[in-house]
Amino acid sequence: MNSLPQPDPARLAAHERGVARDLELLGLPPANWPATVAGPDGRPALDVLVIGAGMYGVVAAGALLLKGIRNLQVLDAAPEGQEGPWVTYARMETLRSPKHLPGIALGIPSLTFRAWYEARFGEAAWAALYKIRNAEWQDYILWVRRMLGLPVRNGAAVTALRPTAGMVAATLATGEVIQARRVVLATGRPGTGGAFLPPGIDPGLWPDLAAHTGEAIDFARLRGRHIAVIGAGASAWDNAATALEAGVARVDMHVRRTSLPQINKGRGSANPGFFEGWAGLPPAEKWSLLVYLDQVKAPPPHETVLRTLRQPGFHTHFGSRLRTARRTEGAVALGFEEGREEAVDFLILGTGFAVRLEGMRELADLAPHIATWADRFTPPEGEANEGLAGFPWLGEGFELEEREPGACPGLSRIHLFNHAAAASIGAIASDIPGASVGAERLAHRIAAHLFREDFPVMRARLEAFDEPELGPTPFFLPRD
Ligand SMILES: Cc1cc2nc3c(=O)[nH]c(=O)nc-3n(C[C@H](O)[C@H](O)[C@H](O)COP(=O)(O)OP(=O)(O)OC[C@H]3O[C@@H](n4cnc5c(N)ncnc54)[C@H](O)[C@@H]3O)c2cc1C
């Protein structure tokens, strides 16, 4: 790991003037163009409400702004700087992604991660950087948000969405209601349906005896103790390493498979073909590849594995299938498939996040109306997959679709811009590589929807548009 580079504020300030100049050269952002539409209370409604100011909420709002959709608002439940996983529950030392990805630049070179990093720390620091540290990534997202002047309100949690024919009402935890013509749900991995808890795990273990990797964990409290980690994905390893570094005496990692997956197929599919082309594939081809990817899974990054192995007290158990976990006299009793039992002081579930409409807080009341893959596609023999069947079936611009047409008017005004979109639209609302492509697609489709709805106003404005072109010529015809 490199020592931390020192920022150069003057150089960054000069770069920021360069960003403003780039936007000016590109004529961005254009003037606001959609019609002003009143909500039920008679006051102008937002054109777009973006829920979530993590990486995807910021890039979505940025793309909308650059299309001249300026009447928008971004909300995030978290305080500023704490959005998403990077400085909260992501327990890796660096991002898993390579450093050269452009980030959330929306095609503007001065907004890339590299441009920001070099402006802040210098070219030599960039050359010396191995992988991006979590806090640097968070700072970069905040910087893009500031460069684009995005209107973000932190500490604002949306609890429910209620669509009607022309509008969506978003209710906040405070009871405040915001009306918007379109809503973008950029609620991240936890927002796809919550932590995935395998059956047999007693919820009564929380909070003192168990945690999911997506939760806050007081590792200092576990010093000298014996813990079990279930799963072998990247987060399971990050948590095992963090626990051991914090002084946990022993970590047993239980893995259902007999070996770790070897190849990260996600990296192999991070190219414009997959990003642009996936949405247009026939459902059967999407499904077949999704089933394959679900079977092969992805390995943890080798840096994470090596970090864990550097610590004493780490033990892996392959082919070890947990059946039950329950509370017993201040400890966790683990029961395994082969009948073996074991007690540990604490259990960490590295079991990932579910994709489940009922688990999406904002959509819970609407879930019965939302079409899923189970409603629209029957898998061929041998390709049944319950997890994938629960993915929502989305329109080309990430729109939710009604299970029964007409049963929930306005549902398609909600755009689901998180990993739950992966089955329908591809991995362009999931990870870093697809972020700008996904945001472009989203903004493009929202612009088209707004224009279509506003067409009478657009036409009237055009007819009223009367900027004379020929004034300085002999052919000018003054109006009466
Ligand atoms: C531990 C971890 C490590 C990862 N590492 C990488 C990596 O190295 N490379 C990579 O490409 N991808 C990585 N990913 C995947 C992906 O890039 C991240 O999950 C990323 O955070 C996705 O950005 P997002 O904006 O969709 O979600 P988030 O960053 O999670 O942001 C969602 C935001 O929505 C807010 N929110 C949610 N619900 C509401 C609500 N109802 N009201 C108001 N606000 C709400 C949350 O507070 C949060 O700030 C990682 C994921 C995890 C979980």
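User: Quick one before we start: what does "buried" mean here?
Analyst: Buried means under 20% relative accessible area, exposed means over 50%, and partly exposed lies in between, using a 1.4 Å probe and protein chains only. This is a predicted model, so local features need pLDDT of at least 70, side-chain atom pairs count only at pLDDT 80 or more, and totals for chains, interfaces and linings use all residues. Residues are numbered from 1 along each chain as its sequence is written, and side-chain values use heavy atoms, with hydrogens and water left out.

User: Okay, which residues are buried in α2?
Analyst: They are M55, Y56, G57, V58, V59, A60, A61, G62, A63, L64 and L65. Helices (H or I, at least four residues) and strands (E, at least two) are DSSP runs, numbered from the N terminus.

User: And why is α2 called largely enclosed?
Analyst: Eleven of its eleven residues (55-65) are buried, so the rest of the structure largely encloses helix α2.

User: What do those buried residues pack against?
Analyst: They pack against β1 (46-51), β2 (72-76), α5 (134-147), β6 (177-185) and α14 (435-453), where contact means heavy atoms within 4.5 Å.

User: New topic: is F475 buried or exposed?
Analyst: F475 counts as exposed, because its relative accessibility is 63%. F475 sits in the segment after α15 (455-464).

User: How many bridges join β8 to β14?
Analyst: Four, between residues 226-230 of β8 and 346-349 of β14. A228 has L347 in β14 as its bridge partner.

Definitions and conventions: Pairing = 2+ DSSP bridges.
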